[in-house]
Amino acid sequence: MSGTSLAVCRILAGALALGFAFSASAEDAFQSFRQLDSTAKMPKLNAFSALPGGASPVAGKDVLFDAKLTSEGEVMQEGLVWRVFSPIAGEDGKLPLVASSEGGSAAFQLVPGEYFVNCAFGRAGVTKKLIVPAEGKVAKQTLVLEAGGFVLNAVAGADQRIPPNELSFSIYSAEVRDNGDRALIMADVKPNAIVRLNAGTYHVVSEYGDVNAVVRADIQVEAGKLTQAVLQHRAAQITLKLVSQPGGEAIADTAWSVLTAAGDIVNESVSAFSTMVLSEGEYLAVARNKNKIYQREFTVKAGRNTEVEVLLRDTPQVAGAAQALTDRN
């Protein structure tokens, strides 16, 4: 087993400011990537020997390929995708695919000439130009990916677990373009999924629910290491209901609007129970039922999932006043 150590990082990102806390583990990175846990399998071979104009075929030469995460790492045994391309673009402007293989090490028969060889490991990859000589053998080709990865998750507040179906992550380039945007690398990444990337810094956006609970963090990927990143959401799940008395049954056919302290509408729905995730802060719940409006101010605290009851006696107004409230936003 490789001596490459696994760096485990815990990253806590607040809604307004990001704080990072890291903890290390001695778990082997290659074990996490699961390249060395299974018996090596020979990949299928794809030969390319066609010559233009129907000329006599030229014997292909055996070319062996393997790959490592780092120059000092072990040879990878699985999870790789190999592709060999001709350097001459076709009519569609793309480089023709000559051969491909999946698994660990690869072996191809290639006629003398020039090629581009690409090795991909998830979203990580490296491309090398290869010249197959007309005379002599071709040395084994070892490609170094300089790749690692991370596993993403998040909590609400200090350590409140968030249901996986409420979380999603997007991964962007750390570099900001002239227009202020970043290049999207991966979207809708699920919690606890291993994301394999080339070494470098990436900008990660975590969304909790679908209203306004969003945090961001820059995460460093180190070659040969798997980083566990846990982002911290300053948010909580809130359930609103309109009741005639405290603890009473929720009244059906209620239209809800949730406004920030500044008066901006952040969510609207129609139901007896309105459940949503909101970032930490002050809000106003507005309920409309039978041409009347009821409202109540409430506070969201990070990690504290709460049920907010709006009573029928809470500041009742006519529907016209309710409409005026939303029109000004």
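**Close-up 1. Glu-307 is partly exposed, at 45% relative accessible area.** The structure is a predicted model. Lys-241 is buried, with a relative accessible area of 8%. The side chains of Glu-307 and Lys-241 meet in a salt bridge, with 3.3 Å from N to O. This pair links distant parts of the chain. Glu-307 sits in strand 25 (residues 306-311), Lys-241 in strand 19, and the two are 66 residues apart. Glu-309 joins them: Lys-241, Glu-307 and Glu-309 are linked in a network of salt bridges. Lys-241 counts as buried because its 8% falls under the 20% cut-off.

**Close-up 2. A salt bridge joins the side chains of Glu-280 and Arg-234.** The N to O distance is 3.3 Å. Again the pair links distant parts of the chain, here 46 residues apart. Glu-280 lies in the loop between strand 22 (273-279) and strand 23 (281-289). Arg-234 lies in the loop between strand 18 (226-233) and strand 19 (235-243). Both residues are partly exposed: Glu-280 has 36% relative accessibility, and Arg-234 has 28%.

**Close-up 3. Glu-222 and Lys-225 meet through their side chains in a salt bridge.** The distance from N to O is 3.5 Å. Glu-222 is partly exposed, at 35% relative accessible area. Lys-225 is also partly exposed, at 22%. Across the model, the count of salt bridges comes to seven.

Close-up 4. Strand 13 (residues 167-176) and strand 16 (residues 200-208) run antiparallel and are joined by seven bridges. Within this pairing, Ser-168 has Glu-207 of strand 16 as its bridge partner.

Close-up 5. Nine bridges hold the antiparallel pairing of strand 8 (residues 113-121) with strand 9. Here Glu-114 has Ile-131 of strand 9 as its bridge partner.

**Close-up 6. The largest nonpolar core contains 25 residues.** Phe-65, Leu-80, Trp-82, Val-84, Phe-108, Leu-110 and Leu-145 touch the most other members. The elements that give two or more residues to this core are strand 4 (61-68), strand 5 (80-85), strand 6, strand 7 (106-110), strand 8 and strand 9. Strand 8 gives the most, with four residues. A second, separate core has 24 residues, including Leu-152, Val-189, Ala-213 and Ile-219.

Notes
Residues are numbered from 1 along each chain as its sequence is written. This is a predicted model: local features need pLDDT of at least 70, side-chain atom pairs count only at pLDDT 80 or more; totals for chains, interfaces and linings use all residues. Side-chain values use heavy atoms; hydrogens and water are left out. A salt bridge is a side-chain nitrogen of Lys or Arg within 4 Å of a carboxyl oxygen of Asp or Glu. Buried means under 20% relative accessible area, exposed over 50%, partly exposed in between (1.4 Å probe, protein chains only). Two strands pair if DSSP finds at least two bridges between them. A nonpolar core is a set of buried Ala, Val, Leu, Ile, Met, Phe, Trp, Tyr and Cys residues joined through side-chain atoms within 4.5 Å.
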